[in-house]
Amino acid sequence: MSRIQRWFGNGMEGILELLITLLCVFLSLTVHEFSHGYMAYLRGDKTAYYTGRLSLNPLRHIDPIGTLCLILFGFGWAKPVMVNPTRFNGKTMKLDMVLTSLAGPLSNFLLAFLSVFAYVAVAVFAKGFFVEGGQIMYYEGMVNKYAYLAVEIFSTLAIMNLGLGLFNLIPIPPLDGSKVLSAVLPTKYYFKLMEYERFGFIALIILINLPVFNRFLSFLLSGIMNGYMYAASAVLGLFA
């Protein structure tokens, strides 16, 4: 069953899933782009500040088509934050560019961990939940509806942010991974890479349609998610 069929074919349950997805998309993309701008600001480039991008208002960051793609297909983008490398410290320009590029994905990994922590906290302290095979399950009819809603939101937010963070580390333009790669490459190789930048989007479309890539991405996502779950459970277990 496709996402659209689930949303509009399951009554209120489907509509609720759609609203949770929209909430998580707006929050994830906003935090990602804000983090790029804020790191650039800290490193001396105030372009994001002057263009109004140092804001947690989703309307400042959301790209309609990129948001729709993220909702429907699981990958997407926001309006890129403009960065002027010449405003960085000349002696640390490459480092500043790497830090600015990594700030977005790292913010998603952090938000994912906080979401997992909250997700596990609800399951640990709310009645009706239990752990089975490393997954948090619940007894039908025994879970408070607000606790169930919180678990749905935090679990969706965690998975979405892990996917967004991992996807953006791919070293293909225009993703953040390509900017990190460009910053550490020798100049001659950097310009050679830029010759193929216009083909980046096509390469990404091909990549995300390769089963082997999707399996690898799912493997990484599951591994990190399990690590987060273990860490959160270990900490919260001290207070349960």
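Me: At what angle do α5 and helix α7 pack?
Reply: This is a predicted model. Helix α7 covers residues 176-184, and its axis runs 9 Å from that of α5. The angle counts as roughly antiparallel, because the cut-off for that class is over 145 degrees. The angle is about 165°.

Me: Which residues of α7 make the contact with α5?
Reply: α5 passes α7 in a left-handed crossing. From α5, the contact uses Lys94, Met97, Val98, Ser101, Leu102 and Pro105. On the α7 side are Asp176, Lys179, Val180, Ala183 and Val184.

Me: Is α5 parallel, antiparallel, perpendicular or oblique to α10?
Reply: Helix α10 spans residues 211-237, with its axis 9 Å from that of α5. The two pack at about 50°. Roughly parallel needs under 35 degrees and roughly perpendicular needs 65 to 115, so α5 to α10 is oblique.

Me: Which handedness does the crossing of α5 and α10 have, left or right?
Reply: Residues of α5 in this contact include Phe109, Phe113, Phe117 and Val124. Those they meet in α10 include Met225, Tyr228, Met229 and Leu236. The crossing of α5 past α10 is right-handed.

Me: Which residue pairs with Arg43 in a salt bridge?
Reply: A search of the whole structure turns up one salt bridge. Its closest N and O atoms are 2.6 Å apart, within the 4 Å cut-off. Arg43 sits in the loop between α2 (11-42) and α3 (47-50), and its partner lies 53 residues away in helix α5 (residues 93-125). That partner is Asp96.

Me: Is Asp96 buried or exposed?
Reply: Arg43 has 29% relative accessibility, so Arg43 counts as partly exposed. Asp96 has 0%. Buried means under 20%, so Asp96 is buried.

Me: Which residue caps the N-terminal end of α4?
Reply: Helix α4 covers residues 64-73, and its buried residues are Gly66, Thr67, Cys69, Leu70 and Ile71. At the N-terminal end, the backbone nitrogen of Ile65 lies 3.1 Å from a side-chain oxygen. That oxygen belongs to Asp63.

Definitions and conventions:
Residues numbered from 1 in each chain as written. Predicted model: local features only at pLDDT ≥ 70, side-chain atom pairs only at ≥ 80, totals over all residues. Heavy atoms only, no water. Salt bridge = Lys/Arg side-chain N within 4 Å of Asp/Glu carboxyl O. Helix = DSSP H or I, 4+ residues; strand = E, 2+ residues; numbered from the N terminus. Buried < 20%, exposed > 50% of the residue type's maximum accessible area, 1.4 Å probe, protein only. Polar contact = N/O pair within 3.5 Å; in protein donor to acceptor, adjacent residues only side chain to side chain. Axes fitted to C-alpha atoms, helices over the stretch in contact; angles between N-to-C directions. Left-handed = near helix turned anticlockwise from the far one by under 90°. Contact = heavy atoms within 4.5 Å.
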